[in-house]
Amino acid sequence: MPLLLTLAMARWNADYDAVLIAKVESDLRIAEQYLGHLQTGSAESLHSIANSTDFQQALTKGPAAVQAHLAPLRAALQLDFLEYLTPQDLGSPLGEWPVVQAAVNGQRAAQIDIFSPQDLAQALPHMVEDARIPLIETEAAAPTQREVEDRGMMLHATAPVAALGHYGVLRGGRLLNRNLDFIDTLNALVYLGGPAEQNRQGTATLFLDDTRISTNVRLFEDVRALGTRVSAVVRNKVLDEGRTWLDRAFVVNDWYISGYLPLTDSFGSRVGMLYVGFLEAPYTAAKGEAYWTIVAVFLLVMVLSAPLFLWLAKGIFAPLERMSQTMKRVERGDLTARNGTTRRQDEIGQVAGHLDSLLDQIQDRDQRLRDWADELNARVDRRTAELRDANKKLEETFKQLVMSEKLASIGEITAGVAHEINNPVAVIQGNVDVIRMTLGEAADELQTELNLIDNQVMRIGAIVGKLLQFARPSEFGTFEESLDLAPLVSDCLVLVDHVISRQAIQVDKRFADGDDAPPPVRIDPGELQQVVINLILNATQAMAGAGSLTLSLCAAERDGKVGALLTVADTGCGIAEDQIGAVFNPFFTTKLGEGTGLGLSISQTLVQRAGGIISARNRTEGGAAFSIWLPAVASEQGSIA
């Protein structure tokens with residue numbers, strides 16, 4: 001309720017301020033229309049005089065008759081000067097005024113123009129001193145070096161004259177400096193329109209630049225604030241930016257709801273402002289009174305209603321607090337806690353009864369769960385013993401499967417090695433025959449054949465050595481030694497070269513070096529050879545005689561650990577999307593009748609036992625890719641530490 005009250009009061013305050021701004025905007029439009037009416041009326045009056053028969057007759061009699069005719073008219077029109085400009089006068093500086101130029105072009109015109117002291121001395125020599133207004137230092141006004149405003153703001157009107165061979169301009173003006181009749185009439189028109197306007201303490205002001213030259217704002221009780229200046233904020237917005245001000249503003253010595261309108265002269269320059277506004281204090285007091293009235297009424301309602309609300313709330317909170325205490329006892333383990341009987345027959349009493357019923361059910365189910373827990377513990381103990389026995393049997397079976405898969409790979413490799421040995425032996429035999437035939441003084445000519453024999457013999461030794469290393473790794477290295485992957489992968493390619501060479505398969509080795517070089521890893525080299533050879537053989541079988549085999553090796557991080565990443569990619573048929581998740585399952589195979597389905601399952605076990613990860617995916621360009629990630633020796637040691 002306080003929040004809604006605050007929001008309502010804030011909305012009302014905003015709407016109230018908007019109404020005040022709308023009112024001062026309406027007042028400003030009335031003042032603007034009044035000033036425009038004076039300008040239009042002056043121009044119309046001069047036009048009527050210029051077209052009158054009496055004026056035309058005076059023109060024929062000479063300048064003296066014209067002046068005599070215009071003198072009473074000037075007083076009747078409340079003009080400070082009224083004169084006839086001949087064509088000779090139009091050639092002087094007087095003809096440069098835009099309103100005069102408009103009359104020369106046959107149009108009547110009226111504008112606000114600023115007369116310099118020289119212009120005033122020429123047009124109104126007797127009013128030069130009346131136009132002078134000493135400047136008074138004003139709070140919040142922009143700094144200035146000027147001490148007096150000696151220019152005159154003139155309501156400047158003209159009308160063309162063309163009659164009986166006389167061509168000229170009828171020109172008149174009304175000085176607005178110290179013109180209190182003008183500003184009082186304007187203020188009465190705006191703020192004394194009816195009983196509703198009597199309470200508004202309205203003011204009106206005419207500014208020349210930022211100086212008050214005609215105003216009913218009071219500096220003291222009987223002293224008008226002539227010569228005071230507008231605040232710098234208002235000056236910047238109205239005179240510098242040319243925008244209308246509709247807001248509260250500090251006027252001389254108090255705050256007013258104000259409207260300021262920029263005034264332009266006949267040259268199009270901003271030369272002053274028209275202001276209307278009314279005192280803000282009465283409205284601020286009215287708003288404050290309304291605020292306090294609303295707050296007082298609200299507090300009174302709260303004081304009267306609070307005891308009733310508390311009495312009603314007590315009947316609700318007491319049973320709820322008792323239920324809360326019961327639930328706390330249950331949370332601490334006391335399942336015998338109950339709310340007990342209650343005299344209430346309403347919804348709260350029903351909830352209390354239902355809660356006791358639920359607690360009875362919970363206590364009964366808790367006892368049954370405890371009985372079941374004891375029985376389950378006994379069953380778990382029996383099943384655990386059975387699982388231990390089954391696990392031992394599974395480990396023994398797994399070791400046998402690993403050995404069987406390894407022996408199968410060795411058998412296939414051995415057959416290839418036997419085939420590879422035959423070719424070097426044939427080469428050796430052929431070259432030995434050549435040596436026998438050409439031995440003697442021509443032995444130097446057989447240097448190439450002798451080197452070839454040496455190379456083939458070395459090749460035989462390398463193949464046999466790699467075969468032995470794969471078949472009996474314990475004779476060549478320790479278990480899980482610190483291993484550099486690049487030589488091991490190259491050795492695997494040598495061991496399966498007989499399979500690759502029989503097909504149109506291109507091998508692409510991409511071993512990173514420098515900062516991207518793979519770090520050493522810790523794994524049994526024989527087991528890793530088994531995994532790599534199995535992946536290469538699967539890739540060659542998937543490519544069915546032709547394709548590209550890519551072996552990539554680089555450093556890679558996984559879960560913040562540094563390691564080495566080996567990828568075996570082929571351009572074969574790939575793996576069916578619904579089978580990717582099952583390729584590492586035991587006995588899963590896509591080569592029915594040709595494989596056991598244990599190769600990838602065993603490979604996954606060997607890699608995981610070394611702390612690594614093996615994964616499979618299909619390549620977007622076709623084929624499949626198997627990736628092996630193994631942790632670096634340093635990373636592994638750090639995690640153990």
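What share of the contacts in the protein chain with a separation of 6 or more is accounted for by residues 24 or more positions apart? Such residues account for 66% of these contacts, where contact means heavy atoms within 4.5 Å.

**Figure 1. Overview of the predicted protein chain.** This is a predicted model in which local features need pLDDT of at least 70 and side-chain atom pairs count only at pLDDT 80 or more, while totals for chains, interfaces and linings use all residues. Residues are numbered from 1 along each chain as its sequence is written, and side-chain values use heavy atoms, with hydrogens and water left out. The protein chain holds 17 helices and 18 strands, which are DSSP runs numbered from the N terminus (helices H or I, at least four residues; strands E, at least two). Of its 641 residues, 39% count as buried, that is, under 20% relative accessible area with a 1.4 Å probe, protein chains only.

**Figure 2. An open sheet of five strands.** The strands follow the order β13-β15-β16-β18-β17, with mixed pairing, two strands being paired if DSSP finds at least two bridges between them. At the edges stand β13 (504-511) and β17 (613-618), each of which pairs on one side only. Neighbouring strands of this sheet are turned by 15° against each other on average, direction ignored; axes are lines fitted to C-alpha atoms, for helices over the stretch in contact, and angles run from 0 to 180 degrees between N-to-C directions. Helix α13 (residues 485-495) packs on the sheet and touches β13, β15 (546-558) and β16 (561-569), its direction making about 170° with that of β13.

**Figure 3. Antiparallel pairs within the sheet.** β15 and β16 pair in the antiparallel sense over nine bridges, and Ala556 has Gly563 in β16 as its bridge partner. Two residues lie between the strands of this hairpin, where Asp559 takes a positive phi near 55°. β16 also pairs with β18 in the antiparallel sense, over seven bridges, with Leu630 in β18 as the bridge partner of Ala564. Between β17 and β18 (residues 624-631) the antiparallel pairing runs over six bridges, and Asn618 stands opposite Ala624 in β18.

**Figure 4. Packing of helices α15 and α16.** Helix α15 (residues 525-543) and helix α16 (residues 599-609) pack at an angle of about 145°, with their axes 10 Å apart. Among the residues that make the contact are Val531 and Leu535 of α15, and Leu600, Ile602 and Leu606 of α16. By class, this contact has six nonpolar, five polar and two charged residues, where Ala, Val, Leu, Ile, Met, Phe, Trp, Tyr, Cys and Pro count as nonpolar, Asp, Glu, Lys and Arg as charged, and the others, Gly among them, as polar.

How values were computed:
Buried means under 20% relative accessible area, exposed over 50%, partly exposed in between (1.4 Å probe, protein chains only).
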